[in-house]
Amino acid sequence: AWTTVASSLSSTQVRKKNLRAASGYQFRVRPAEGDAAFSPPSDPRPFGGLSTGVQNFFRSLAGGRLRKSGSSASTPLEDALANKEFVLLYASAHWCGPCRQFTPQLAQFYRSVRSSSTPDDAEVVFLSADHDEGGFDSYYREMPWLAVPFGEDAREDIMA
């Protein structure tokens with residue numbers, strides 16, 4: 001469905017379609033004055049990629065991969081975070097009492113977003129402040145989101 005995004009934009013009415021679609025986005029325009037029909041849809045334009053801000057945060061991530069929840073498998077940063085409206089960085093540790101109390105609340109919020117009509121708008125990335133990999137592994141098992149792998153220098157660089 002086409003949605004009017006601006007009733008007046010330099011004397012032109014604009015409609016958009018598919019701004020979040022993997023196939024790209026399209027626009028149609030018409031003069032704001034009068035009853036002229038909208039133009040034919042534009043050619044689809046690709047939408048996506050990593051924002052400059054996300055690229056800067058993760059610039060020291062060797063191999064550009066994040067760990068997937070529930071396994072030791074990883075996913076490319078580009079696949080995991082491209083087109084996200086919000087990327088939440090969660091710095092926490094298994095030894096932090098307040099963090100351990102907050103983590104289930106964040107997990108509940110995360111699951112509700114993932115089951116909503118816009119599940120791909122946000123992603124959480126865990127940055128462990130644990131002192132050893134065993135602490136990281138046991139705590140990360142409770143989390144449904146992505147993580148910077150424990151052995152990555154980027155983990156500490158991002159938290160700095």
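Which residue stands opposite V124 in β7? The residue that stands opposite V124 in β7 is L88. The following paragraphs place this pair in its surroundings, beginning with the chain as a whole.

The structure is a predicted model, in which local features need pLDDT of at least 70 and side-chain atom pairs count only at pLDDT 80 or more, while totals for chains, interfaces and linings use all residues. Residues are numbered from 1 along each chain as its sequence is written, and side-chain values use heavy atoms, with hydrogens and water left out.

The chain contains five helices and eight strands; helices (H or I, at least four residues) and strands (E, at least two) are DSSP runs, numbered from the N terminus. In order from the N terminus, the elements are β-β-β-α-β-β-α-β-α-β-α-β-α. Of the 160 residues in the chain, 32% are buried; a residue is called buried under 20% relative accessible area, exposed over 50%, and partly exposed in between (1.4 Å probe, protein chains only). The accessible surface comes to about 9300 Å², and 51% of this surface belongs to carbon and sulfur atoms. Such areas come from the Shrake-Rupley method with a 1.4 Å probe, and for residues only the protein chains shown count as cover. Contact means heavy atoms within 4.5 Å. Among contacts between residues at least 6 apart in sequence, 46% join residues at least 24 apart.

Strand β6 (residues 86–92) pairs with β7 in the parallel sense over seven bridges. Between these strands the chain passes through helix α3 (residues 97–114), and this β-α-β crossover from β6 to β7 is right-handed. The term right-handed here means that, with the strands pointing away from the viewer, the path from the first strand over the helix to the second runs clockwise. Strand β8 (residues 146–147) also runs parallel to β7, joined to it by two bridges, and here F126 stands opposite A147 in β8. The chain goes from β7 through helix α4 (residues 133–140) to β8, again in a right-handed β-α-β crossover.

The side chain of E123 makes a polar contact of 2.8 Å with the side chain of Y110. A polar contact is a pair of N or O atoms within 3.5 Å; within protein, one must be able to donate a hydrogen and the other to accept it, and residues adjacent in sequence count only if both atoms are side-chain atoms. Leaving aside neighbours within four places in sequence, E123 is in contact with several residues, including A80, K84, R114 and W145.

In strand β6, S92 provides a second example. S92 has a relative accessible area of 2% and is therefore buried. Its side chain forms a polar contact of 2.8 Å with the side chain of Y139. Not counting residues up to four places away in sequence, S92 touches a set of residues that includes C99, T103, F126 and D130.

A disulfide is a covalent bond between the sulfur atoms of two cysteines. In this model a disulfide is a pair of cysteine sulfur atoms within 2.5 Å, and the count by this rule is one. The bond joins C96 to C99, with an S to S distance of 2.5 Å. Because the torsion about the S-S bond of C96 and C99 is about 65°, the disulfide is right-handed. Both C96 and C99 are buried.

Finally, A154 lies in helix α5 (residues 153–159). With a relative accessible area of 0%, A154 is buried. The C-alpha atoms of A154 and F58 are separated by 6.8 Å, although these residues are 96 residues apart along the chain. Not counting residues up to four places away in sequence, A154 touches S60, L61 and V148.

Notes:
Two strands pair if DSSP finds at least two bridges between them.
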